[in-house]
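Hello,

Here is the structure I promised to pass on. Have a look at it first, and then read my notes on the ligand sites below.

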Amino acid sequence: MQSFNKKNGRYIGRYKNYDAYLNKIVKLSGENEGDINEKLPGEMVFNYGPSAGGLEESVNFKIITPGEKINSVRVDSSFKRRNIKILNNNIYDALLKIERINGYHSASNSICFLLAVENALNIENNESNNKRVIEIELERIRSNLHIVKGLTESAGFSVPEKQLSYLIEEVSRIISEAFKHRYFFGANYINNVRCNFNNLNENILKIKKEFLSIYEDLLASKIFMDRLQENGTVKDINSTGPAARASGYNYDARLDSRSLFYESYKIFTMNSGDVFSRFMVRSDEIFSSIELIENIKVKENINKDYDLNKSGSGNARIESPQGDLFYHLDIKDGKINDIIMVSPSYINIKLFEKAMRGNIFTDFFFVWESFGIWISEKEVNFI
Amino acid sequence: MSQWFLRGIKKGIKTEKNFKDKYKPYYPSKLEGKSDYNCPVNAIKNGEWDENKCIYCGKCDLNPTKDEKIYKINDAMPEMFKKSFYIYPLDSGTCGACNAEFNSIFYPQYDANRFKIFLSNTPRHADALLLMGVYTENMHDVIKNAYDAMPDPKVIIGFGSCALTGGIIGSSINEKFNVEIAGCPPSPYTIISAILKYKGDIK
Ligand code: SF4
Ligand code: SF4
């Protein structure tokens, strides 16, 4: 396994005892995550989860509070940790598991993994990369709609919540029509994508029109805006994805990743780092993803067999819907010899913990929803 | 709030009477035909296809039919649940897609509430525990506690290939399920169809 001991470039997250930076992977020497802060006199520890109504996945929160205010919170994501046997798997058997690291961001994971394979084995991937961009942008649209829906749900705004749910389902149907599966499972191959974009542009424009009217209604709602502004503020140089862009950092792998480069893409940033800024960045990205899909040109598929029984090391980093996703692979005779996967949820959990300090209980779900954290991708142990 | 009400009305009814057939996914759906492909989860054995094991990867020569009826009903639903059926979903170790698909049955297109299917916020008020994901050590007691907290009679639904057989990821949650809903993840069409069948609302 490649390992270095000097940091290089911005921080993008952690997998087991490796910290990943833009240009380096650093092996950690015995650091641990630390335990929840000691509670002070007058404070109590309130336990929420791992299984409770309102939580989409199993996760536990330990909240230190004197009453209404939250002094600190620690996320325990370990409950649903999955041990996934992937070492010694061939590329396509491993891919079936990679698709299921985070089913909601399956396209991002599969594509990032395949880019790392192609990098390791020196495989040209020109024909498929624009189709892959379409996949990732469709996934981003659904993921951002899901978060905006979560915010309206936290505010008890059931009309826009249902309208956004409707749009999420429509996007799932668009994905299903184009890729034969609502979560892109089985759609990705080495330099190839199983897809059919016949009605894509027409359908995606309907989403744009519908979302625009919901977005304008939400912006016009003073009550909704009040709940988001100055709520869950965090500004941290070690941020990622929309959370970073919402606090003024122009981090976006679409601008600087070696693998999938988006020439015409313009980054949108906000400065206040609160739930409102994250809402604005995500909403803007729904529109910009649609625009990218509208304008992209795809090449014909070529059906070619690739010799995968080779050896090499490679990596790839892409902008998944919630931030930097990174894969480093070591392949020996066509089998996975070692793997490092860094997902954005590691950093986003840290940001959530910081953002919650000093907030009150009624803000909890707004702040949690605003980071788009998936425990599934955080708690993976490859064996 | 009345403004939102009017905006909602303006959009009209979005719930689909018979969910639009054209949107049924190819995967997962009932597979047909013959294949001697070396299935990664051994879902093809002696020419027989096992819908619970299948992860619907599309690698073999079996053909997807878009038929959503990939479920098993192992006993009769307690009569008292037919008027309202409250489900508490529990994630043992999912990838997240099972969670998302289960939630989608409450989206406007499907609106499961109209079929008297509801989401429970606690196992204490639940008629059914819907288990999804692979077995994970740390969730073992959480599942047991949720089951113990439910009032009698209790129904357990196995949801998705991970929970039913371990799928491609790990081991199954070792429970005897009253209802088995296949798919990776099960589609909203399959989920609603399975529950309606269990309720006796469809043949
Ligand atoms: S679709 Fe995939 S999992 Fe299902 S039987 Fe075919 S090869 Fe096996
Ligand atoms: S059954 Fe499939 S979709 Fe469901 S949790 Fe398992 S891998 Fe994910």
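α4(B) gives the shell around ligand 2 its largest share, three residues; helices here are DSSP runs of H or I with at least four residues, and strands are runs of E with at least two, numbered from the N terminus. This is a predicted model, where local features need pLDDT of at least 70, side-chain atom pairs count only at pLDDT 80 or more, and totals for chains, interfaces and linings use all residues. Residues are numbered from 1 along each chain as its sequence is written, chains are lettered from A and ligands numbered from 1 in the order in which they are written, and side-chain values use heavy atoms, without hydrogens and water.

Besides α4 (160-165), α2 (97-104) of chain B supplies at least two residues of that shell. Around ligand 2 you will find A:Arg100 along with chain B residues including B:Cys95, B:Cys98, B:Cys162 and B:Cys184 (a residue counts if one of its heavy atoms lies within 4 Å). Because residues from chains A and B surround ligand 2, the site is shared between chains. By class, six of the shell residues are nonpolar, three polar and one charged (Ala, Val, Leu, Ile, Met, Phe, Trp, Tyr, Cys and Pro are nonpolar, Asp, Glu, Lys and Arg charged, and the others, Gly among them, polar).

Now to ligand 1. It has 14 residues around it, and the closest are B:Cys39, B:Cys54, B:Ile55, B:Cys57 and B:Cys60. That shell divides into 13 nonpolar residues, one polar and no charged.

Enjoy exploring it!
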